Amino acid sequence: MRPTDIHRRHAAILLPSLLLPLLLTSCQTAGPHSQAALSFSVYDNQANQLLARMTLEEKIGQMIQAENTGLEDPSDVETYFLGSILSSGDADPEAGNSLKAWTDMVDALQQRTQLTRLKIPLLYGVDAVHGHSNVLGATVFPHNIGMGCTRDPELVEQAARVTAREVRATGIQWTFAPCIAVPRDERWGRTYEGFSENPKLAAELGIAAVRGYQQDNPANPLSVLACAKHYVGDGGTVFGSAQEGRGMDQGDTRLDEETLRAIHLLPYPPAIEAGAATIMPSYSSWNGLKCSGHKYLLTTVLKDELGFEGFLISDYNAIKQVHPNFKVAIGICVNAGMDMAMEPTRYRLFFQYLKELVEEGVVPVSRIDDAVRRILRVKFAMGLMDPDRPLLADRRLHKNFGSEAHRRVARKAVRKSLVLLKNEANALPLSKNAARIHVSGKSADNIGNQCGGWTITWQGQSGPVTPGGTTVLEAIRKTVSPKTKITFSENGTGAEGADAAIVVIGERPYAEGLGDRAELNLDKEDLQAIDNLKKARIPVVVILFSGRPIIINEALEQADAFVAAWLPGTEGQGITDVIFGDYKPIGKLSFTWPKSLSQVPLNIGDQPYDPLFEYGFGLSY
Ligand code: BGC
């Protein structure tokens, strides 16, 4: 990573005390909820009283997060006094993926806590990273990369609020979001999870998301806990530094501390200030040392220096990556400051080993107490410990799950996220009254490609993955006049005689390291579809679905108009809103768009900086 102007500029204002006022001033317009920072330590008394009554086993149980599908027996919730359960991207309820199945499953597990002596409710966590997108029929929002192009903190906050309601409808009270990574190399398979390569924009929208999820009051029954992730440097890993030398996800971020702070740490102080109740340490390493076991990063910086009062949740099976001996790894991570362990299947072993480590004096009881106090005070702040509050899901929220009102917010996010990269001879907007429009491309009628990863499954998948949404083809049909004829061919043939063509191309779904790419070319079939359309000698509008800037030169050259639509989610009408002129395109690139792979990584502030489209680019009409 080259030292850059932006690094130097930020390096000069490193101290959080100086940084925070600056960032918060720029975010005060973010929404109606600007107020004093949320404090979790005000619940210390209540947490301490409970802590004093707890056995070591009960304390260790609070520090464990198992997975619904990994439970050896559902009764382990009470046997091991579990503090939390998660469902990761592929962990569906046994009864399927419906809203009802999710709610029933969560309620059933939650009810088990009432069989324990202390009846401490579970925190249930899920990756609602662009809507409650594990559940069939949820409103699916654009991935963060698109939200970054909206430059609209109020909209990000609103989207998070809608997501929180849909999550709450299933009885879940915690989302592992927002991802406030600052991705600096688009070969990373998680680029789309970040708002921007610009740490300031990631910070600003990160605050908005935290506010939207938590609504400045975790006791609000319509809010969910936020989790700022992945701390720290997840977006800065070096290509080739991942395990087994492949790719970069979970790899090594090789930066001096000043640069790490200026780029990758920068969004954290404001997220903490906004009240983020939880933070997830990153799988990745900083200069060769795993963040999950990094005492300086977790305790010295995050808790002592930045005053983080919430709790740290390890990433999925991340602890075992810290040392080949699981027990040793647990000792390192807990002593480094990890408070809760995401141990989908190995939770029994974690329980046993951590108990032994305490008995052997390797992990001091004071560290256990600190971790449990942090977890309990969040539970108190949420009102979860209040015996008068309903323990189970509020099923009245079901009627608004995936509702029109929720989808309207997502549609607005889609149309504001679109970045118009080219518009020759006013190819856009198209007329709704054209006699015939020809639609093409593998993604024109493909809600799965439109949503990307983290949709119904971890990796996402092509095809009709979730009901209730609208593909681009369907959106076009809904938008044009009744007289307009819409024809469709996936490969772009047969367009002759149409007034214009719309072709939807791009990446297929992926998530995390499986999306790491050494090259960033368009698929051959995409280029072929454009070629075929060009033969019809009509204006060709290209819409690109992608989780990052990719190499588009050839397609861009051929296109009359080119729209970067990112991974917009279920609301295809946000796209037709813009291409048929009901709304002007206003999205601005949240990432630099490279000319060639040899330029990558290329980021705002780098010298030389000669991209295809610079950070902030976006046309309108
Ligand atoms: C990801 C996290 C996610 C967790 C739980 C991990 O693989 O890195 O971002 O929250 O899984 O699904």
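Helices (H or I, at least four residues) and strands (E, at least two) are DSSP runs, numbered from the N terminus. The model is predicted: local features need pLDDT of at least 70, side-chain atom pairs count only at pLDDT 80 or more, and totals for chains, interfaces and linings use all residues. Residues are numbered from 1 along each chain as its sequence is written, and side-chain values use heavy atoms, with hydrogens and water left out.

View 1. An automatic or database domain assignment supplies the bounds of domain 1 (41-388) and domain 2 (405-599). Their centres, taken over C-alpha atoms, are separated by 34 Å. In contact (heavy atoms within 4.5 Å) are 53 residues of domain 1 and 47 residues of domain 2. The size of an interface is often given as the accessible area lost when the parts come together. Here the buried area (accessible area, 1.4 Å probe, that two parts lose on being put together, summed over both) is about 3,800 Å², with 59% of it on carbon and sulfur atoms. Cys149, Glu186 and Tyr192 contribute 17% of the area that domain 1 buries against domain 2, more than any other three residues.

**View 2. A salt bridge between Lys416 and Asp152.** A salt bridge places a side-chain nitrogen of Lys or Arg within 4 Å of a carboxyl oxygen of Asp or Glu. Two salt bridges are counted between domain 1 and domain 2. In the salt bridge of Lys416 with Asp152, the closest N and O atoms are 2.6 Å apart. Helix H7 (144-150) and helix H8 (153-169) are the elements that give two or more residues to the side of domain 1 that touches domain 2.

View 3. Ala177 and Pro178 are joined by a cis peptide bond with omega of about 5°. Pro178 belongs to the loop between strand S4 (174-175) and helix H9 (199-214). A cis peptide bond also joins Val600 and Pro601, where omega is about 0°. Pro601 is found in the segment after helix H21 (573-579).

View 4. Most residues other than glycine have a negative phi. Gln215, in the loop between H9 and strand S5 (227-231), has a positive phi near 50°. Arg537, in the loop between helix H19 (524-534) and strand S16 (540-545), has a positive phi near 55°. Buried means under 20% relative accessible area, exposed over 50%, and partly exposed in between (1.4 Å probe, protein chains only). Gln215 counts as buried because its relative accessibility is 12%, whereas Arg537 counts as exposed at 78%.
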